[in-house]
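Thanks for coming. I will keep this short and go through one structure. Please have a look at the sequence and the structure first.

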Amino acid sequence: MSTHTSLTDRAPLTPRHRPLLALAAIVGTQMMLLLDATVVNVALPDIGTDLGFSATGMSWVLNTYTLAFGGLLLLGSRVGDLIGRRNALVAGVLAFTLASIAGGFAANAAWLLVARTAQGVSAALAAPSTLALIATTFKEGAERLRALSVFSAVAGAGASVGLIVGGVLTDLGSWRWVFFINIPVGAAIALLATRYVTETERHRGGRFDLTGAFTGTLGTASLVYAFIRVGEEGWSDGRAIGAFAASIVLLVLFVVNEARVERPLVVLRLFADRNRAIAYGCMLLVPAGMFGVFFFTTQYLQSVLGYDPLRTGVAFLPMAGLLFVAARTVPRVLPRFGARRTAAGGALLTLAGTLWLTQLSYGDGYAAALLGPLALTGVGMGFTMMPLNTLILAGIQGRDAGSASGLLQTSQQIGGSLGLSILVTVFGTVSRGAGGGGAHAFVDGAAAAFGGAAVIAALALGLVLAVRTVPVRTDG
């Protein structure tokens, strides 16, 4: 039962239509937030030229967003407990829209990074409510499975669709439109959610875990900064060493704090279930490899093959299309093969795709060197993500729905940031050894980064194989 019901909640709707419109608002929110993690990828060369970013420094345009997003998600989940899930979603979406306007008008690099940070903070407020609202709106069984199918398909495709949308907007307008497009989208989502999503019960009491938010976010940011600094300056750089040391101290303090605080950001009982703990680990690793694939493939298409932004975006269309089809196929496959085998098949295809990318060499064209790997990784991610979502939400209690959802998305965003920073380090180290500049050095560095992504994909596959087989509920 909701503790607060507005007049719009009582608008007459048939039982059939209201859940569909509520799902549209929830899924639309997730799509917008995840899309923004990659929509600027294709625009990065133009952004770098206009605002003066270095080749490795451009990764901060992605990382400032994902770090703020992932680092504050669990705190955002706690805010949702206090003010209601729907209120948190609407407030986050509106703040995200305002931050997008600021990003579109950025006049220099610092301005853009501040706007991207504000987008990440806003996303951290809205995102934990998405899966939590699915868990409280749709009954466990066939109904929730169908909702999760749509959610996983859209969420999984969001990253690759962002590359396509970014290419279209940058080519037809300018890089600034990758931010301005959020204005009508954000307004539409806020209206839909306010009218059709039912508010959840508010859980008051306890304090915000500000110490956890501070140490966790800064610790992760220091680790990402250290890796990117190594990519630019090498392993002997004093600032990099200092950042590594700071990250260790801060992350240790975070763990100690979470074990002692009354209302921790990370609810440790969520890890008591073996399969859920493994699924969280996989949710960290899959984006860790894929963010790097998106980043370096985009740079190769534009810097080496000379693609314009529109053609670059279209190059990712096979990946996005196959990912969506695969994710929509999973509900029919999952009851027969189970979460473990379905996710393992997807992880194996993702590994095959990233291994194929390691063969990239100077002069290779799109059709011969990139189309096949991108198609494989698209299908692989489509078959991987929904089974993991299912394992994480299986048997979850209402009081833990927000925390479970927030931790899931935290794993994705932090994994993406850390993975990209590590792969940027690999790229920088190898490309410097190959001469530091020029297309040949770039390709050598990118191929090595893809090798790192393949190692991450192999680790994800190993974790999936450790999942215990459980029956999938499909009854209503």
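Some ground rules before that. This is a predicted model, in which local features need pLDDT of at least 70 and side-chain atom pairs count only at pLDDT 80 or more, while totals for chains, interfaces and linings use all residues. Residues are numbered from 1 along each chain as its sequence is written, and side-chain values use heavy atoms, with hydrogens and water left out.

Let me start with the pocket. Rolling a probe the size of a water molecule over the atoms shows where empty space is left. Here the search runs on a 1 Å grid over the protein atoms alone: a cavity is a set of points where a 1.4 Å probe fits but cannot get out, and a pocket is an open set with protein on both sides within 12 Å along at least five of seven lines. Lining residues have an atom within 4 Å of a point. Grid points are joined across faces, edges and corners, and a volume is the space filled by probe spheres set on the points.

The largest pocket holds about 580 Å³ of space. Its lining has 27 residues, and F254, V266, L407, T410 and I414 lie nearest the centre. Which helices supply at least two residues of that lining? They are helix 3 (59–83), helix 10 (210–233), helix 11 (238–260), helix 12 (274–304) and helix 17 (398–433). Helices here are DSSP runs (H or I, at least four residues), numbered from the N terminus. Helix 10 gives the largest share, six residues. By class, the lining has 17 nonpolar, nine polar and one charged residues. For those classes, Ala, Val, Leu, Ile, Met, Phe, Trp, Tyr, Cys and Pro count as nonpolar, Asp, Glu, Lys and Arg as charged, and the others, Gly among them, as polar.

Now the cavities. Over the whole structure, two cavities of 30 Å³ or more turn up. The second largest cavity has a volume of about 80 Å³. Its lining includes L285, V286, A347, T350, T384 and A453. Helix 12, helix 14 and helix 18 (438–465) each supply at least two of its lining residues. That lining has eight nonpolar residues, three polar and no charged ones.

Where is the kink in helix 14 centred? On G338, with an angle of about 115°. The bend at a residue is the angle between axes fitted to the seven residues ending there and the seven starting there.

Next, aromatics. There are 13 aromatic pairs in the structure. One of them joins F427 and F442 edge-to-face, at 5.4 Å centre to centre and 65° between the planes. F427 sits in helix 17 and F442 in helix 18, 15 residues apart, so this pair links distant parts of the chain. Rings of Phe, Tyr and Trp (its six-membered ring) pair if their centres lie within 6.5 Å, with planes under 30 degrees apart counted as stacked, over 60 as edge-to-face and the rest as tilted.Both rings are in buried residues: F427 has 11% relative accessibility and F442 has 13%. Buried means under 20% relative accessible area, exposed over 50%, and partly exposed in between (1.4 Å probe, protein chains only). F295, F296, F427 and F442 form one aromatic cluster.

Last, a few contacts, with distances from C-alpha to C-alpha. T211, in helix 10, is partly exposed at 46% relative accessibility. T211 and F254 are 43 residues apart in sequence and 7.6 Å apart in space. A375, in helix 16 (residues 371–393), is buried at 18%. A375 and T350 are 25 residues apart in sequence and 9.4 Å apart in space. D46 belongs to helix 2 (residues 44–51) and is partly exposed at 31%. D46 and P309 are 263 residues apart in sequence and 9.1 Å apart in space.
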